[in-house]
Structure formats: structure tokens, C-alpha cells
Amino acid sequence: MGAAVKQVRKRSGTFAGCALVAGAACMLGSPVRPVPRWVLWSAAGLGTAITANELSGKPVPFLRWSFLRMVMRSKHLATEWQVGDGREAALADHVETHARPGDVDDVIRVVDGFCRHYSFLINVGDEKGAILDDAVHRLQPRRLLELGTYCGYSALRMARAMPADAHVYSIEFNPANAEIARRVLAHAGVAHRVTVVVGTLGDGGETLRRLRDEHGFRAGSLDLVFLDHAKDAYLPDLQRILDEGWLHPGSVVVADNIRFPGVPAFHSYMRDHEDTLWRTTEHRAHVEYQSLLRDVVLESTYLGHSA
Ligand SMILES: C[S@@+](CC[C@H](N)C(=O)[O-])C[C@H]1O[C@@H](n2cnc3c(N)ncnc32)[C@H](O)[C@@H]1O
């Protein structure tokens, strides 16, 4: 990303806020108004709040322009799993220009900085990422499966925390996201420890077959699963993993976004099987890159078949 483009991206919130105020002010002063006065006053108020927030140096996350842009494009995000303004590809460019090659700590630092100062991204983030790190440190897993790679941030964290001979298989159904993640992982020097597989466990068996035939998934071979993909797929995909018999007693499933946006079916399932099939710890945290909205991460240990 060129320096000028970066400055524009960084200041885009201030520009957008000012444009909103100016546009509303012009229309309020004009004799012909296409929208009611209260709408224009609201727009002017919002523009002022956005501008002040961006200039404050410590912006409130929900008034950040990059966050509001993401909310406005939430339909695109929900269907394509990219915000639609090029921010995911911009992250890979940013990492390649600013992070020390081969230094996973530095790449994680640069990704977090990008999300806080340039564009909000739906990574697990640093606060919930630390919960994932702890689980990996404690368990020392050899084979890890992630559902939902996005730009590779959580895969980087797992690769950093896992033993030297361990391997992450990360499933991502958007090929463009998979490519971005591969660039980020390669820059961090962990591409040989993380395999990004384009697909989804719900594609009729093709991805499950590839994990079996090409990546050596066997009964009892999977130590840790990180669920961070479509929320309505958590439970069916966990059931597919159980049906394959890949888990062993002691395997751990870590699941993000239990409170926000919420995964009620998965949460109820874990409650219903507490102490028979699973033993679950609830970790309270916040939605990524802010401290207002709360979230919960579940860490569930598989106990084996119930009697
Ligand atoms: C919240 S993001 C993952 C963030 C990532 N784990 C991180 O913390 O860096 C969700 C990702 O899951 C992918 N996804 C959504 N549904 C999926 C599915 N059924 N199978 C595989 N990937 C899926 C989306 O394309 C998106 O990239």
C-alpha cells in the first residue's frame, strides 16, 4: 500500500464524518429538501460524532468509520465473508510491507495494529486469541483443525503456541480469503506448519475425504479443534468430526463467538452433555478489538463416548 493511500485509508473516517456534516448542512440551507429536516440534523450529528471520534486519538470502536463501513456492508460480509472494500487484501499488503519476514510475533503485532488503526477485521483478536493460546500451550496438541481461516490470524497464533512438530489444518470456503491467509502465513514463516484447505466440512464429503486421504486424518488423531466459521455450522460440523471418530478422550474444542453474535444451539448442546460427553469451561471476554461488547469463548474437553 502506498504511503498516500495508507494516509487516505487512515483518515477516511475523518473525511467521511466531515462530508456527512457538510452534505447535511448544504441541504439544510437549501430551499428544496429531498429528505425531512430531522434526518438531516441526525446525519449532521452522526458526522460530527464520527469526526470527533476519529480525531480523539482513542476512538470509540462503534463510531469508528471502518467499523461503521463494515456494519453497512454486513450483508456482503455475511454472504461473501469479505467486507467488500478490499480491506482483507490490504491487510496482506500491509503485513508484507511492515512486518519482519519470518517473525510470527511481529506479524501478529502488525495485524492487530492494522485492525485497531486502519480497518476493523473479524479476526478472533488479541484478547480472545490469548484464550486460544492458553489452550494450545496447556494441551500441546500435535494435530489441530481450524474451521474458518479468514486472513490467517488465529492460525498464526496457534502455530506460535503449538509444539514444533505440530500441524494446523485450516478450512476456509472462500478461496480469496485462503489466498490472503497463505500470504500472511508465508510472510510469518509458518506456511510449512499450517495447511489452508479450501472447502467446508458440509460439502457432501469432499473436504472430509481430502482430510482423510491427503492429510492423514485418522480415528483419534485430532487433538484440538478451533470453531470460528459460520455460526449455524458449528454443531453440524462438530457432529461430522465426531462421526469420523477423529477425536480422542482429552481432545479439546475451542469455540469463538458464543455470546456475540451467539451460537445458541452449540451452547445448549455443550450444556446438555456436560460431564457425560464434554467438560466445558466458559471464558468471558470481549468482541475483538474493543472493550464494550462482551463475548464468550467455550473450551470443551471431549470425555469420550457417553455410557
Ligand atoms: C470469523 S472468520 C474467521 C477468523 C479467523 N479464525 C481468525 O481469527 O483469524 C470466519 C471465516 O470462516 C469462513 N467460513 C464461513 N463458513 C464456513 C464454512 N462452513 N466452512 C469453512 N469456512 C467457512 C469465512 O469465509 C471466514 O473467512
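Which atom of G148 is 2.8 Å from a nitrogen atom of the ligand, a backbone atom or a side-chain atom? It is a polar backbone atom of G148 that lies 2.8 Å from the ligand nitrogen, and the legends below start from this contact in what is a predicted model.

**View 1**
An oxygen atom of the ligand is 2.5 Å from an N or O atom of E172, and here the protein atom belongs to the side chain.

**View 1. The pocket and the shell around the ligand.**
The ligand sits in the largest pocket of the model. Two elements, α8 with residues 153-161 and β2 with residues 167-172, are the ones that give two or more residues to the shell around the ligand. In total, 21 residues surround the ligand, and the closest are V124, G148, S154, E172 and D228.

**View 2. Helix α8 and its covered residues.**
How many of the nine residues of α8 are buried? Eight of them are, and the helix is therefore described as mostly covered. The buried residues are Y153, S154, A155, L156, R157, M158, A159 and A161, and S154 is also among the residues closest to the ligand.

**View 3. Two residues with positive phi, Q140 and Y150.**
Q140 has a positive phi of about 50° although it is not a glycine, and this residue lies in the loop between α7 (125-139) and β1 (143-147). Y150, likewise a residue other than glycine, has a positive phi near 55°, and its place is in the loop between β1 and α8. As for cover, Q140 counts as partly exposed because its relative accessibility is 39%, whereas Y150 counts as buried because its relative accessible area is 8%.

**View 4. Cysteines without a disulfide.**
The structure holds zero disulfides. C151 is in no disulfide, and the nearest cysteine sulfur, which belongs to C115, is 8.0 Å away; a disulfide would need the two sulfur atoms to be within 2.5 Å. C151 is buried, because its relative accessible area is 1%, while C26 counts as exposed because its relative accessibility is 55%.

The peptide bond that runs from F260 to P261 is cis, with omega near 0°. P261 itself is found in helix α12, which is made of residues 258-262.

**View 5. Positions compared along the chain and in space.**
S300 is found in strand β7, residues 294-302, and counts as buried because its relative accessibility is 0%. Between S300 and S251 there are 49 residues of separation in sequence, and their C-alpha atoms are 8.4 Å apart in space.

T207 has its place in helix α10, residues 206-213, and with a relative accessibility of 1% this residue also counts as buried. The C-alpha atom of T207 is separated by 8.6 Å from that of I171, a residue 36 positions apart from T207 along the chain.

A186 belongs to helix α9, residues 175-188, and is partly exposed, because its relative accessible area is 45%. In sequence A186 and G102 are 84 residues apart, and from C-alpha to C-alpha they are 7.9 Å apart.

**View 6. F266 in helix α13.**
F266 is placed in helix α13, which covers residues 264-272. This residue is buried, because its relative accessible area is 1%. F266 and V196 are 70 residues apart in sequence, and their C-alpha atoms are 25 Å apart in space.

Conventions: Residues numbered from 1 in each chain as written. Predicted model: local features only at pLDDT ≥ 70, side-chain atom pairs only at ≥ 80, totals over all residues. Heavy atoms only, no water. Buried < 20%, exposed > 50% of the residue type's maximum accessible area, 1.4 Å probe, protein only. Near = heavy atom within 4 Å. Polar contact = N/O pair within 3.5 Å; in protein donor to acceptor, adjacent residues only side chain to side chain. 1 Å grid on protein atoms, 1.4 Å probe; cavity = no way out; pocket = protein on both sides within 12 Å on 5 of 7 lines; lining within 4 Å. Sits in = over half its atoms within 2 Å of the grid points. Helix = DSSP H or I, 4+ residues; strand = E, 2+ residues; numbered from the N terminus.
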